[in-house]
Amino acid sequence: MSCAKYQFTDALLCHDDELEGRRIAFILYLVPPWDRSLGGTLDLYSVDEHLQPKQPVKSLVPSWNTLVFFEVSPVSFHQVSEVLTEEKSRLSLSGWFHGPSPPRPPTYLEPPLPRSPHIPRDHEILYEWINPTYLDMDYQVQIQEEFEERSEILLKEFLKPEKFAQVCEALEKGGVEWSSRGPPNKRLYEQAEESTLPGVLRDCMELLHSEAFFLLLSNFTGLKLHFLAPSDDDEVADGKEGEVASTAAGTEEGASPSSSEPENGPGPTGNTSQQSDGQTDSAAEGIDAKNELNVPMCHGELRHWQTGHYTLIHDNSQAEFALDLLLYCGCEGWEPEYGGFTSYIAKEEDEELLTVNPENNSLALVYRDRETLKFVKHINHRGLEQKKTFPYRTGFWDFCFVYYE
């Protein structure tokens, strides 16, 4: 049993409480007079056919000297919604009654995100889109030296101003269809339906997916993301397990409730993803499989972030060697206290290694290994301050790509 004090913008995101033989969860509310407009409700979720949470179906407003309890189970997903008042605190005693753990259904594993190799576009696309400073070979050498030392870099004013203005205009104009990405025990944000993207946004996605850009990233990072990229020693692939994509620079920690339960920061993690070429009866098949694994690949999406959105480190979080790319749009005046920054942490540790804050027309590159996990901090209601300056804005956007050697 513990005491939890939630204040303005504090929240506890979707989880099921399953841990260490917990059987019954309880909360005794010690709040002042409270109503729904103050937030801080206990929201209970429905589940889908995979026993993954879908959406809140019941919402309980805390009330003085009220005891709430429920069975902890594979479907006991719930959250504490964000506290919206600066005048009152949501105080409670909470805990669990423990007992023998009952049988549980097999853990549902999401299908992996699709990856694809580069698309054939030559270097002309780079001259069309990218700030010429970053196409200078001498400057690329400097970028690579800094990246190899720190495993991360932020390239400001990355796109040509006129191209970036066109991208922002297309995003603000609307017309893009967005779908909600869940489940909420792992993530909540909006993803663009690529088939609905207007020309300039489709072209920007194509830039980040192009063969020329794969080679440019190789020059920026020293990674072998293109067959033309130089490599000091092609046999060190397995040796990269000793390289850590971590840096202690620039950390920013967001507010979290004074509770014994984890918020959307460092949390329990699953086993690391181990890739293997595998064994086959045919040597030729083995070679083909190895070659296929060695083809540089990527996965990319255009995301919209607004109040209430986040990603979580969850029980089955997989980590592997990868290069993360984030290109931010529409985040003028965005403050770290709003949330929405990407935080990197060491696996199974609370140590924060790096924070990437949204910054307009900035390209963030971060190399991570199997011991590094990431999450996007919950965006709280302070983010609505942005509308005072930009009334047509509801958050910001980013192009998010992950590249694999």
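What share of the contacts in the protein with a separation of 6 or more comes from residues 24 or more positions apart? The figure is 84%, where contact means heavy atoms within 4.5 Å.

Hello everyone! What you see is a predicted model, in which local features need pLDDT of at least 70 and side-chain atom pairs count only at pLDDT 80 or more, while totals for chains, interfaces and linings use all residues. Residues are numbered from 1 along each chain as its sequence is written, and side-chain values use heavy atoms, with hydrogens and water left out.

Let's start with the overall picture. The protein has seven helices and 19 strands; these are DSSP runs numbered from the N terminus, helices being H or I with at least four residues and strands E with at least two. Of its 405 residues, 48% are buried, and buried means under 20% relative accessible area, exposed over 50%, partly exposed in between, with a 1.4 Å probe and protein chains only.

Now please find helix α4, residues 199–209. Its buried residues include V200, L201, C204 and L208. The buried residues of α4 pack against several elements, among them α1 (124–129), α5 (211–221) and β14 (322–329).

R181 sits in strand β10, residues 178–181. R181 is buried but has no salt bridge, which would take a side-chain nitrogen of Lys or Arg within 4 Å of a carboxyl oxygen of Asp or Glu. The nearest side chain of opposite charge, E301, is 4.1 Å away. Leaving aside neighbours within four places in sequence, R181 also touches residues including L113 and Y189.

Finally, look at E371, in the loop between β17 (363–368) and β18 (372–376). E371 counts as partly exposed because its relative accessibility is 43%.

Methods:
Lys and Arg count as positive and Asp and Glu as negative; His and the chain ends are not counted.
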